[in-house]
Amino acid sequence: MDQREGWIWFDGELKPWKDAKVHVLTHGLHYASSVFEGERAYGGEIFKSREHTERLIRSAATLDMPFPYSVDEIEAAKQLVLEKNGLVDAYVRPVAWRGSEELSVPARNNKVHVAIAAWVWPSYFSVEEKLKGIRLEWSKWKRPSPETIPSSAKAAGLYMICTLSKDHAMANGFADALMLDYRGYVAEATGANVFFVKGKDITTPTPDCFLNGITRQTLIALARENGYTVTERHIKPEELGQFDECFLTGTAAEVTPVSLIGENTFTPGEACRTLIDAYARAVTPRKAAAE
Ligand code: PMP
């Protein structure tokens with residue numbers, strides 16, 4: 001990953017990809033003082049770009065990290081990275097972290113750095129392929145209480161549980177893991193939110209201890225526009241048998257149908273198809289859609 005050709009925006013300037021390095025005594029590396037974003041550009045336009053930048057700056061503020069750039073500066077930098085790398089359909093990864101001035105738990109004297117990388121990441125699967133659905137394993141790790149960790153931030157520390165869960169799931173032949181929260185309610189997958197469907201009713205967990213994804217919020221609006229009711233509530237794992245369809249949402253996952261969670265099976269159908277199409281239309285830049 002670190003030996004590619006291309007350019008990375010690093011503290012205000014474009015650096016060759018291979019030279020975008022940090023010191024081993026970086027605070028962010030030792031104590032997870034790091035926040036990041038995951039975004040997708042479609043046809044040269046980043047979907048909900050400002051919302052992602054605002055979330056990045058909010059996440060930094062949640063970790064008491066003084067963020068050294070404005071929303072407009074980050075917006076311009078993201079565009080520059082896409083252009084300089086000749087990218088049109090791409091994944092965009094901004095990250096902010098505490099530097100290497102001092103290495104102990106307190107971090108206030110450490111400079112906050114920001115970098116933005118981007119690389120090609122097309123949506124690989126056809127709708128038919130997606131509609132087969134992916135299989136999820138229940139994770140043994142739980143999403144923690146918001147009194148334990150600031151769970152509304154997209155912060156590196158929250159991802160240790162995700163990596164453990166996803167690696168375990170993949171080693172057992174599953175595509176991803178679904179995590180419960182600290183109370184035992186259904187929470188989210190390791191990089192995506194989850195929705196359940198029965199007829200025209202869609203139910204999704206209340207995001208009170210995990211990320212309220214930008215894709216999740218988009219999907220709730222699109223589902224309502226397409227005649228579905230959407231209820232946000234706490235869902236117990238033993239309720240899953242009553243639902244017909246299930247799907248994940250996230251910037252990388254987009255809308256990904258699910259065929260199995262533990263003992264529960266789902267048959268991706270009308271709702272998954274409708275919402276995959278609606279999301280594909282929503283992310284297509286207006287100028288491309290008009291051509
Ligand atoms: N939950 C987790 C843990 C994630 O990493 C992501 C991806 N950022 C999401 C949910 C979905 O968020 P979004 O729709 O904003 O990409």
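Domain bounds in this description come from an automatic or database domain assignment. On that basis the protein is divided into domain 1 (7–120) and domain 2 (127–283). The structure is a predicted model, in which local features need pLDDT of at least 70 and side-chain atom pairs count only at pLDDT 80 or more, whereas totals for chains, interfaces and linings use all residues. Residues are numbered from 1 along each chain as its sequence is written, and side-chain values use heavy atoms, with hydrogens and water left out.

The C-alpha centres of domain 1 and domain 2 are separated by 26 Å. To their contact (heavy atoms within 4.5 Å), domain 1 contributes 17 residues and domain 2 contributes 18 residues. The size of an interface is often given as the accessible area lost when the parts come together. Here buried area denotes the accessible area (1.4 Å probe) that two parts lose on being put together, summed over both. Between domain 1 and domain 2 about 1500 Å² is buried, of which 65% is on carbon and sulfur atoms. Of the area that domain 1 buries against domain 2, 37% is supplied by Phe36, Phe47 and Arg55, more than by any other three residues.

Seven residue pairs in polar contact (both at pLDDT 80 or more) are counted between domain 1 and domain 2. A polar contact is a pair of N or O atoms within 3.5 Å; within protein, one must be able to donate a hydrogen and the other to accept it, and residues adjacent in sequence count only if both atoms are side-chain atoms. On the side of domain 1 that touches domain 2, the elements giving two or more residues are β3 (34–36), β4 (39–42) and α2 (49–62). Helices (H or I, at least four residues) and strands (E, at least two) are DSSP runs, numbered from the N terminus. The most is given by α2, with five residues. By class, this side of domain 1 comprises six nonpolar, five polar and six charged residues, where Ala, Val, Leu, Ile, Met, Phe, Trp, Tyr, Cys and Pro count as nonpolar, Asp, Glu, Lys and Arg as charged, and the others, Gly among them, as polar.

One salt bridge (a side-chain nitrogen of Lys or Arg within 4 Å of a carboxyl oxygen of Asp or Glu) is counted between domain 1 and domain 2. Glutamate 254 and arginine 40 form a salt bridge in which the closest N and O atoms are 3.8 Å apart.

The ligand is surrounded by 14 residues (a heavy atom within 4 Å), the closest being Tyr159, Glu188, Ile214, Thr215 and Thr251. A side-chain N or O atom of tyrosine 159 lies 2.5 Å from an oxygen atom of the ligand. For glutamate 188, a side-chain N or O atom is 2.6 Å from a nitrogen atom of the ligand. Isoleucine 214 places a backbone N or O atom 2.8 Å from an oxygen atom of the ligand.
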